[in-house]
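Biologist: I have a structure on the screen and would like to learn how to read it. Where do we start?

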Amino acid sequence: MASESSLSNRKLGPRGLVEQITGHGWNWRAVGAVFGLSFGIIAPLIGSVVTAIAWFTGPEWHALPLQRDGTVLLLLTIPLLIFGAHCLDLMDKHDEEAKNLRVKPFMTTRSRN
């Protein structure tokens with residue numbers, strides 16, 4: 001049976017996006033994931049509000065094409081979310097490759113003995 005001191009020394013790997021970014025630093029994958037996911041959530045909210053305003057005020061308001069801009073924001077939602085998810089997948093793939101590089105030398109030295 002394991003003692004309490006050996007169990008408290010174990011550290012779990014980062015699970016969330018924030019923990020992964022703080023653990024690995026800001027690189028282009030992390031910035032892409034944060035950008036894609038955050039703007040993928042914000043874009044449909046703003047696009048819905050702008051489209052609703054265009055319904056009440058008309059397609060243009062103070063020379064701003066509200067109807068077109070709202071539609072563009074609504075259509076950008078899916079590509080932004082796909083981009084953010086792709087960057088998260090790249091971060092996971094990079095972590096798996098790093099883990100495999102750390103594990104392989106240990107396995108080869110154990111098989112020689």
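Modeller: Start with what lies inside helix H3. Its buried residues are Arg29, Ala30, Gly32, Ala33, Gly36, Gly40, Ala43, Gly47, Val50, Thr51 and Ala54. Keep in mind that this is a predicted model.

Biologist: What share of the chain's residues is buried?

Modeller: Of the 113 residues in the chain, 19% are buried.

Biologist: And how many helices and strands does the chain have?

Modeller: There are five helices and two strands. Read from the N terminus, the order of the elements is α-α-α-β-β-α-α.

Biologist: Where is the kink in H3 centred?

Modeller: The kink is centred on Phe39 and amounts to about 25 degrees. Just after H3 there is another backbone feature to look at: Gly58 has a positive phi of about 110 degrees.

Biologist: Back to Phe39. How should I read its ring?

Modeller: Look for a partner ring. A pair of aromatic rings is described by the distance of the centres and the angle of the planes. This structure holds one aromatic pair. It is formed by Phe35 and Phe39, with ring centres 4.8 Å apart and planes at 55 degrees.

Biologist: Why does that pair count as tilted?

Modeller: Stacked planes are under 30 degrees apart and edge-to-face planes over 60. The planes of Phe35 and Phe39 stand at 55 degrees, so the pair is tilted.

Biologist: How far apart are Phe35 and Phe39 in helix H3?

Modeller: They are four residues apart in H3, which covers residues 28-57, and this separates them by about one helical turn. Phe35 is partly exposed at 41% relative accessibility, and Phe39 is partly exposed at 40%.

Biologist: Which residues make the nonpolar surface patch?

Modeller: Phe35, Phe39, Ile41, Ile42, Leu45, Ile46, Leu81 and Phe83 make a patch of about 720 Å². Both rings of the aromatic pair therefore belong to residues of this patch.

Biologist: Which helix gives the most to the nonpolar patch?

Modeller: H3 does, with six residues.

Biologist: What about the isoleucines in the patch?

Modeller: Take two of them. Ile42 lies in H3 and is partly exposed, with a relative accessibility of 37%. Ile46 is also in H3, and its relative accessible area of 43% makes it partly exposed.

Biologist: Are the two partners buried or exposed?

Modeller: Arg68 is exposed, with a relative accessible area of 53%. Asp69 is partly exposed, at 29%.

Definitions and conventions: Residues numbered from 1 in each chain as written. Predicted model: local features only at pLDDT ≥ 70, side-chain atom pairs only at ≥ 80, totals over all residues. Heavy atoms only, no water. Buried < 20%, exposed > 50% of the residue type's maximum accessible area, 1.4 Å probe, protein only. Phe/Tyr/Trp six-rings, centres within 6.5 Å; stacked < 30°, edge-to-face > 60°. Patch = residues over 30% accessible without salt bridge, like charges linked within 9 Å, V, L, I, M, F, W, Y side chains within 5 Å. Areas by Shrake-Rupley, 256 points an atom, 1.4 Å probe, with all protein chains shown as cover. Salt bridge = Lys/Arg side-chain N within 4 Å of Asp/Glu carboxyl O. Bend = angle between axes of the 7 residues up to and from the residue.
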